[in-house]
Amino acid sequence: MADNLLEIKDLSVEYDTEIATVYAVNGLSLNLKNGETLGLVGETGAGKTTTCLSIMKLLPEGIGQVTGGSIILDGHDMVNIHEEEAQKLRGNVVSMIFQDPMSSLNPVMAVGDQIKEVLKIHNKDISEEELNKKVDDMMELVGIPANRKNEYPHEFSGGMKQRIVIAIALVCEPKLILADEPTTALDVTIQAQMLGLINDLQQRLNTAMILVTHDLGVVAQTCENVAVMYAGEVIESGSAEQIFGAQKMHPYTRGLFNAIPKLDEDTPRLETIEGMIPDPTVKVEGCRFAERCKFATDHCKVNPPVVEVEPSHFIKCHLFADENNGGNQ
Amino acid sequence: MGDKILVEAKDLKKYFKTSKGMLHAVDGVNFKIPQGKTLGVVGESGCGKSTLGRLLLHLHDATGGKIIYDGIDITDYKPKDMKELRKKMQMIFQDPSASLDPRLDVQDLIGEPLKNFKACNSKEEYIERVHEIMKTVGLADRYAQSYSHELDGGRRQRIGIGRALAMNPEFIVCDEPVSALDVSIQAQVLNLLMDLQEDKNLTYMFITHDLSVVKHISHAIMVMYLGQCVEYAETKELFQNPLHPYTVGLLDAVPVPSISGKKLSTQVMRGELTSPIEPKPGCRFAPRCPYATEACKGQNIPLYEVSQGHFAACVKYAK
């Protein structure tokens with residue numbers, strides 16, 4: 001499809017450490033259209049951040065490498081792209097918002113200059129006046145008075161710092177933002193403001209976004225489409241309505257939902273998913289969730305197919321494959 | 001309710017000296033926790049909830065007010081007096097990685113309190129007690145010789161709980177015990193804490209910023225804002241009928257994992273926490289409050305009992 005901004009096919013990423021090889025991403029496929037918002041959900045170690053770093057070509061050099069598959073971003077092959085070319089794209093076509101605003105800003109540089117820096121790098125022949133005007137506009141856009149541009153990061157609160165990080169990410173109007181847990185370090189009231197801000201700007205600039213989070217609530221409130229990751233692969237994907245309202249659900253997705261205490265209903269006891277994510281240094285043949293799954297059978301030793309249970313709602317599980325072949329239920 | 005009150009705070013205060021003036025971290029807080037119950041304390045970062053928990057255990061000395069434990073005023077206890085009491089009062093910390101000694105194995109981490117209090121007469125008894133505790137918190141025997149860095153976050157937090165339980169305490173301050181954990185692990189730890197409460201009639205103060213977690217585990221809830229209690233009620237009452245504008249704003253800001261449910265709202269609350277240094281008299285929430293009027297300024301707002309057992313510190317409810 002020509003209208004896809006981002007196409008990831010069968011991506012595999014490994015980290016070579018001194019002790020062992022870590023299989024972080026195992027055959028992940030994703031598509032993203034212009035202006036679309038995708039929530040990438042999963043627990044620690046699911047490979048969410050590794051996926052983002054691969055798209056940015058920012059995997060730690062010499063340790064992390066793409067071992068299979070392809071990433072096409074806006075017509076560029078991000079796996080084989082030259083570093084110099086990648087630099088031109090970063091900040092301009094694709095930007096990343098990191099989890100911790102405290103550590104992603106330069107402490108000895110005024111915030112206005114940090115926003116200006118990005119603009120300057122990507123627009124060589126822009127005049128100083130124009131630069132300053134753009135910085136002022138951007139600061140007002142994220143809700144910080146422009147007269148504070150000469151202040152340093154430590155003079156701002158956590159929420160304000162994250163606003164500046166967002167300003168830096170958006171100032172070149174990229175086509176894609178990768179937001180890696182952008183609100184996890186913030187209080188709920190600030191989180192609500194920040195999610196509103198990101199959504200608002202994204203619509204105004206028609207930017208596509210991948211929102212990485214472990215919080216299903218955040219996804220429900222902000223994303224059109226959702227992909228659930230487990231042990232380096234997408235095990236379920238679909239529109240937010242399909243994932244949150246579905247009768248059919250991957251056993252892991254169901255487990256995630258049942259494990260959260262609900263504000264709007266009383267749950268006497270939480271359901272847990274026993275066990276933990278499989279050791280990422282061991283290659284698993286069959287379903288990676290099988291050892292924690294209540295419904296696991298011998299069938300699960302074979303890698304499950306991706307089944308389209310309803311239009312554009314995909315689940316990677318034998319339960320649904322059997323059903324579609326005229327099995328019971 | 002006729003329950004015995006185990007922990008009580010009366011007008012408890014803690015001020016810290018800073019270069020800009022006195023920081024009012026906890027400013028006149030009152031509460032009672034009946035034995036076997038959980039008091040949830042919620043608020044944003046900087047509202048003084050952790051300081052409050054530490055005050056109860058004398059990890060900070062109070063600037064003013066009283067702490068009463070089991071009918072005895074312990075406010076002026078010296079470290080020597082506290083040591084004895086620490087068998088009964090324990091704490092579970094937020095970050096399981098930072099609160100465990102990396103050079104001790106699981107057995108010695110859990111056994112450390114037993115050694116401190118010389119609770120065992122022989123090596124055999126010590127090992128037996130440690131394994132008993134490990135079983136209680138759901139750690140398999142094979143981990144006894146592991147070090148904390150070899151375990152995942154959920155198991156590390158189980159060690160933290162095991163350490164707190166070692167001396168059979170009555171009261172535990174849980175300071176954000178599940179915030180660093182994934183949801184599936186969080187559910188396991190919450191279930192464990194609730195089971196332990198039932199088995200051992202434990203009393204908890206549960207400090208968290210997560211409203212859905214606090215709703216799940218608490219019997220009563222105190223909402224804090226800049227060092228003060230702004231609302232207090234039993235859990236069900238608080239969630240069905242939140243009174244203080246801050247509580248309403250907090251509830252509106254929580255993203256609910258459902259499509260049909262309510263949408264996020266930032267209508268109620270704009271801006272961020274103001275400074276807790278030398279606060280002026282008056283409602284501290286007023287600068288962010290959409291209902292603020294002249295009446296909110298100039299004088300401190302007391303807690304009004306709006307309905308039985310439901311208190312809110314807002315001029316809307318002044319009689």
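The points below go through selected features of chains A and B in this predicted model.

1. Strand pairing in chain A. Strand E1 (residues 4-16) of chain A and strand E2 (residues 21-33) of chain A run antiparallel and are joined by ten bridges.

2. Asp136(A). This residue belongs to helix H5 (residues 128-141) of chain A, and Asp136(A) is classed as partly exposed because 16 other C-beta atoms lie within 10 Å, a count that falls between the limits of 12 or fewer for exposed and 20 or more for buried. Between the C-alpha atoms of Asp136(A) and Pro268(A), which are 132 residues apart along the chain, the separation is 52 Å.

3. The side of chain A that touches chain B. The contact takes in 40 residues from chain A and 31 residues from chain B. On the chain A side, helix H7 (188-205), helix H8 (216-222), helix H9 (240-245) and helix H10 (251-259) each supply at least two residues, and the largest share, eight residues, comes from H7(A). Sorted by class, this side of chain A has 18 nonpolar, 14 polar and eight charged residues.

4. Geometry and faces of H4(B). Helix H4 (residues 123-136) of chain B has 14 residues and should span 20 Å at 1.5 Å a residue, which agrees with the 20 Å between its end C-alpha atoms. Val130(B), Ile133(B) and Met134(B) are buried in H4(B), and, seen down the axis of H4(B), the buried residues fall within an arc of 100 degrees, so they line one face of the helix. An α-helix has 3.6 residues a turn, so residues three or four places apart point the same way. The cover over the buried residues of H4(B) includes helix H3 (106-116) and helix H5 (153-165) of chain B, whereas Glu124(B), Glu125(B), Glu128(B) and Lys135(B) are exposed on the other side of H4(B). Just after H4(B) comes Gly138(B), with a positive phi of about 80 degrees.

5. Positive phi outside glycine. Two residues of chain B deserve a look at their backbone. Asn168(B), a residue other than glycine, has a positive phi near 55 degrees and is placed in the loop between H5 and strand E7 (171-175) of chain B; Asn168(B) counts as exposed because it has 12 C-beta neighbours inside 10 Å. Leu226(B), likewise not a glycine, has a positive phi of about 45 degrees and lies in the loop between strand E9 (220-225) and strand E10 (228-234) of chain B; with 23 other C-beta atoms within 10 Å, however, Leu226(B) is buried.

6. Domains of chain B. Chain B is divided into domain 1 (5-88 + 169-317) and domain 2 (102-168), and the centres of these two domains of chain B, taken over C-alpha atoms, are separated by 30 Å. Their contact takes ten residues from domain 1 of chain B and eleven residues from domain 2 of chain B. Helix H6 (residues 183-200) of chain B gives the most to the side of domain 1 that touches domain 2, with four residues, and by class that side of domain 1 of chain B has eight nonpolar, one polar and one charged residues.

Note on methods: Residues are numbered from 1 along each chain as its sequence is written. Chains are lettered from A and ligands numbered from 1 in the order in which they are written. This is a predicted model: local features need pLDDT of at least 70, side-chain atom pairs count only at pLDDT 80 or more; totals for chains, interfaces and linings use all residues. Two strands pair if DSSP finds at least two bridges between them. The expected span of a helix is 1.5 Å times one less than its number of residues. The arc is that of the directions from the helix axis to the C-beta atoms. Two residues are in contact if their C-beta atoms, placed from the backbone, lie within 7 Å. Ala, Val, Leu, Ile, Met, Phe, Trp, Tyr, Cys and Pro count as nonpolar, Asp, Glu, Lys and Arg as charged, and the others, Gly among them, as polar. Domain bounds come from an automatic or database domain assignment.
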